[in-house]
Amino acid sequence: MKAAVPHCTGLKGALTERLLLPGTLLGTLSLTVYALQCSRRPYKIIYYEIGIIICAALGLLFVVLMPLVGFFFCLCRCCNKCGGEMHQRQKRSGPFLKKCYTISLLVICVFISIGIIYGFAANQYMRTRVEETRKLSDSNFNDLRTLLNVVPGQIDYILDQFTHPKEKAFDDLDNINSLVGDGIYEHLKPKVLPVLKDIKDLAKDMKANRDTLVQVNTVLTDVKHSSAYLRTSLRDVKTSMEQTLTDPQCSFPAVAPTCNSIRKSLSVLDDSANFDHLPSLDGHITQLDGLLQTDLSSLVQKANESLSNIPEEVQNQTRDFITEFKKTLNSIQSDVKNISTKIPIQKTLSSFVRYINNSEDYILHYLPTMEECDSYRWLVCLVVCCLLTLILTFYLLGLLCGTLGYDQNATPTRRGCVSNTGGLLLMVGAGFSFFFSWMAMTTVVLTFVAGGNMEKLVCEPYRNKKLFQVLDTPYLLNEDWKYYLSGLVLNKPDVNLTFEQVYSDCKENKGLYATLKLDHIYNVSEQLNITKHTGDINSNLENMNIRIEDIELLDKTGMKTLMDLRSSGIDDIDYAAYLNATERSPTRVNLISFANDIQRKANQLPSGRLKTSLKSHADTLINIHQNQVIPLQNSMSTMNKQMKTLHYRTSGLKVRVSTTIFFLNSTQDFLTSQLSKIVVEESKQFGSKIISYFEWYLQWVEMTITQQFAACKPAATAVDSAVNVFLCSYIVDPLNLFWFGMGKATMLLLPAVIFAVKLAKYFRRMYSEDVYEDDPVNKAL
């Protein structure tokens, strides 16, 4: 690469130093020209410079020829040549030519006035802006110093934010009972609680079944006694009625059918409800009483308490760990804060501060000189503008006086004083044009060469960033350095750090660290390595040894109780026999209906002892129904309902108890084998959550320092202010406007001189004139 530009290896010393000092326009311009000449495509610059040289040569030719032509023109007129003869030949086209000359000169004067106005405006604008240079410079240097001054504070602020993840970690550590303990509990709850609920429900059902059995057994005893008493009562009524029907009156033909009918119906009073075949439930009750001696509900409650105490147990076991872990976090915070002392930002900042101070001293030293030079420039340009204004004034006054004082009827030798004055003013203007135009053109040439070159070689390349590309040419600014900026800032000239990249990044307000690639000096990513700083956290979290003792859901006694319940045989009770017995009527016939039928038949008999006895027996049956049958029916109904309830609760009891025992064993095996794993998993999740706080923080610190830290937009603004604003907007643009306006005005003096000299013949008083004997011709003139 160095061999590619051998003709450019001599750029050293003062020229390079001037580049580093914003405001040294000569150094910048010189370096830019040299750099562009050393670039790979110099032909466009050469063509442009040839154009500049040609235009400047034409301007210099104007400077030389204009006074020379004026001198010979004066000599020629003094010899009554070149229109110096004070004699005007009268022509018929004279009035038309006068009008053409007048209008042409007036139009040229208008264009000259526009150019002069441009010159005055550009001259004053440039002076005003140069006077504001000190304020612009101070503002940019203050912004740069502010940027550099806040950098240490920004680093401290970024590193101080470690407090936030640390406080979050402290909060989680203080609430480890809920974060870890509740997590363990939530893992176990779906497995354990249903089993415990089933056991608790079995215990409740067992107690309820025992109470129901006791009630059924009590009712069964009452029903047996009541049914036996009912059978006895009905048997006694039947025997008594049979004796009554042996009355001799029943042998009468009229009474015999009724007695026979009643005698036949007495068979329904036999075989009343009998419950003696239903076995007693005392054995089942005794068996349940034995099972209920084991309080399954208490055992379930004990297991629930063991689960509920997991968070508290976690809190107790980690108390010492939390204390040590907090000390570790405080130690890590101290290590993170010490990073600010390791970052060589102060060294880098001191270099920038030195450059800023040197640049400011340089500007403050030469700024008065520049302002003084600018005042001279302003004065020279003002004088040139005033001279052109003076010439324009003579032309305009000449046109005004000549036009207003012109008399068409006056002969050339008899023209008025005003008209003659107008012609003289036009000639004075023409003389001043020859006398002063070379001064104006000299100023135009100088400003054109300076402004045109700076616009093309500095301002335009700066705006399209080609200037940066030229400056970034390897080995251009320093023959020993491949990249000048990286060698200057990082002392590593092989690092690809370019002016264009730095300017673009600062324009986007990126951080200095990423913009200047300071990672080649101090790699924040390595110093803020997450694994490095979280290693201590991980090692401490691994020491968080939480041990949850095996939770026994049901002891051996409770398990034996469940097994005994499964084989208790409660679900094997002959519920059908009990239900069938209790669903039948206590009697074969409705005693009320039967008694009413007896009374109806008795009413058919003649009065006597037979009729009275039958009615008495009917009343007895009604009394039996009221006092024995109805209470028995109620007891049977109650017993039926109780047996249905008991049957519903005990239906599939063996399967239910077997299922509960199976899931109990399965859950107990799960606790035995998986509880420690769940504890470890929750501990890891808790540790991951703690680590995530610091991972997020360290990533944020790395991103902030590498991308957002010390946003360098003020640096790009300072460069823009020095080149785009001060050099281009404050100097080059008004300078180009000045030479454009003044050059146009100066060049228009050539046709103005010609038309002014031609027109002066029609305004001035001639010494002689053409004389014709034909008076009409004279009159016509």
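Are C459 and C728 buried or exposed? In this predicted model, both C459 and C728 are buried. Their sulfur atoms are joined in a disulfide, with an S to S distance of 2.0 Å. The link of C459 and C728 is left-handed, with -110° about the S-S bond. C459 belongs to helix α15 (residues 417-463) and C728 to helix α27 (residues 713-747), so this pair ties together parts that are 269 residues apart in sequence.

The protein chain has 781 residues, of which 45% count as buried, and it holds 29 helices and two strands. Among contacts with a separation of 6 or more, 88% are accounted for by residues 24 or more positions apart. The chain exposes about 39,400 Å², and carbon and sulfur atoms supply 57% of that area.

The count of disulfides comes to three. One of them is formed by C506 and C712, whose sulfur atoms lie 2.2 Å apart. The torsion about the S-S bond of C506 and C712 is about -110°, so this disulfide is left-handed. Distant parts of the chain are linked here, 206 residues apart: C506 sits in helix α18 (residues 499-507), and C712 in the loop between α26 and α27. C506 counts as buried because its relative accessibility is 4%, under the cut-off of 20%. C712 is buried too, with a relative accessible area of 0%. A disulfide also joins C250 to C259, S to S 2.2 Å. The link of C250 and C259 is left-handed, with -65° about the S-S bond, and both cysteines are buried.

C385 is in no disulfide; the nearest cysteine sulfur, that of C381, is 6.5 Å away.

In helix α23 (residues 575-583), the buried residues are Y575, Y578, L579, A581 and T582. These residues lie on the same side of α23, because they cover an arc of only 165° around the axis. Their cover includes α7 (176-244) and α25 (609-650).

T667 is found in helix α26 (residues 653-708) and is buried, with a relative accessible area of 4%. Its side chain reaches the backbone oxygen of F663 at 2.7 Å. Leaving aside residues up to four places away in sequence, T667 touches K191, V192, V195 and L553.

Notes. Residues are numbered from 1 along each chain as its sequence is written. This is a predicted model: local features need pLDDT of at least 70, side-chain atom pairs count only at pLDDT 80 or more; totals for chains, interfaces and linings use all residues. Side-chain values use heavy atoms; hydrogens and water are left out. Helices (H or I, at least four residues) and strands (E, at least two) are DSSP runs, numbered from the N terminus. Buried means under 20% relative accessible area, exposed over 50%, partly exposed in between (1.4 Å probe, protein chains only). A polar contact is a pair of N or O atoms within 3.5 Å; within protein, one must be able to donate a hydrogen and the other to accept it, and residues adjacent in sequence count only if both atoms are side-chain atoms. Contact means heavy atoms within 4.5 Å. Accessible areas come from the Shrake-Rupley method with a 1.4 Å probe; for residues, only the protein chains shown count as cover. The arc is that of the directions from the helix axis to the C-beta atoms. A disulfide is a pair of cysteine sulfur atoms within 2.5 Å.
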